[in-house]
Amino acid sequence: MKIKLFIFNILFSSSLFANVLPPDINLIYELNFEQQPLGLIEINYKKTKDNYLISATSDFKGALLLMGNYQIISRGRVDKNHFIPESIERKNLKKNKIISSQIDHKNNLIQIKSKNKAKEYKLQNNTQDILSYFFEISALKNLPKQIDFNILDSHDYKKYSYLMQGHEKIMINDRLVNVIKYEGRVNDETLTHTLWISQKNHIPVRLITPTPIGLIIDQVLSKGNILNLI
């Protein structure tokens with residue numbers, strides 16, 4: 001898993017209520033490596049009528065600061081609980097570098113642009129972006145054994161596959177939470193990440209991500225206005 005993908009794999013969003021999302025959500029995830037704090041990821045979600053905006057902003061510490069801090073902004077619309085992404089913007093807050101992506105549903109085309117580069121991809125079925133796909137999972141009343149998405153992560157277009165590992169109980173914010181464990185893989189790469197989703201309302205509560213530089217990042221939900229729902 002490339003380091004850029006890792007950064008925005010941990011900038012992921014939350015899913016609630018398995019069918020109905022509140023219009024305003026705030027979540028904060030703590031990052032650690034071998035119990036050493038590496039900063040925070042803050043997720044904000046807002047829905048106005050049929051339009052949504054999701055932002056994820058990093059506040060890294062330690063070794064992760066070498067990569068700089070980033071922000072992802074995803075925009076789109078909701079149609080019968082189905083999330084339809086229309087644009088995603090990736091900002092390098094240190095270098096003030098922006099990569100923007102547009103999804104043209106009419107012409108089945110994805111266009112990714114940065115200062116010096118441009119890419120185009122044919123829009124595939126079951127496409128989400130790096131933030132919206134967990135909200136899309138929330139619409140599923142019963143989580144399947146395998147979940148597959150084509151994911152636009154603001155600089156590339158990749159296939160994510162999640163395979164259910166079973167049911168567990170883990171401690172989240174001093175509470176014992178019933179969770180469903182998944183193992184995820186990107187484009188058949190050898191490195192995988194592990195995800196725990198609350199069984200009650202499908203909220204992602206923990207993510208462990210190995211990186212090519214040897215760090216194994218443990219991301220755990222610590223604060224937010226929906227902690228009482230997990």
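**Exercise 1.** Which residues form a positive surface patch? Work it out on this predicted model, then place Lys94 in the secondary structure and classify its exposure.

*Solution.* Start with the patch: Lys94, Lys95, Lys97, Lys117 and Lys119 form it. Finally, check the accessibility. Lys94 has a relative accessible area of 64%, and exposed means over 50%, so Lys94 counts as exposed.

**Exercise 2.** Decide whether Thr194 is buried or exposed, and list its contacts beyond the neighbours within four places in sequence.

*Solution.* First, locate the residue: Thr194 sits in strand β13, which covers residues 192–198. Then compare its relative accessibility of 16% with the cut-off for buried, under 20%; Thr194 is therefore buried. With the neighbours within four places set aside, its contacts are Lys181, Tyr182, Arg206, Leu207 and Ile208.

**Exercise 3.** Describe the setting of Ile203 and its separation from Ile137.

*Solution.* Begin with the element: Ile203 belongs to the loop between β13 and β14 (204–210). Its relative accessibility is 0%, so Ile203 counts as buried. Now turn to Ile137: 66 residues separate it from Ile203 in sequence, while the C-alpha to C-alpha distance is 9.5 Å.

**Exercise 4.** Summarise the whole protein chain.

*Solution.* Count the elements: there are 2 helices and 15 strands. For burial, 51% of the 230 residues count as buried. For contacts between residues at least 6 apart in sequence, 46% join residues at least 24 apart. For the surface, the chain exposes about 11,400 Å², with 47% supplied by carbon and sulfur atoms.

How values were computed
Residues numbered from 1 in each chain as written. Predicted model: local features only at pLDDT ≥ 70, side-chain atom pairs only at ≥ 80, totals over all residues. Heavy atoms only, no water. Patch = residues over 30% accessible without salt bridge, like charges linked within 9 Å, V, L, I, M, F, W, Y side chains within 5 Å. Areas by Shrake-Rupley, 256 points an atom, 1.4 Å probe, with all protein chains shown as cover. Salt bridge = Lys/Arg side-chain N within 4 Å of Asp/Glu carboxyl O. Lys, Arg positive; Asp, Glu negative; His and termini not counted. Charge placed at Lys NZ, Arg CZ, Asp CG, Glu CD. Helix = DSSP H or I, 4+ residues; strand = E, 2+ residues; numbered from the N terminus. Buried < 20%, exposed > 50% of the residue type's maximum accessible area, 1.4 Å probe, protein only. Contact = heavy atoms within 4.5 Å.
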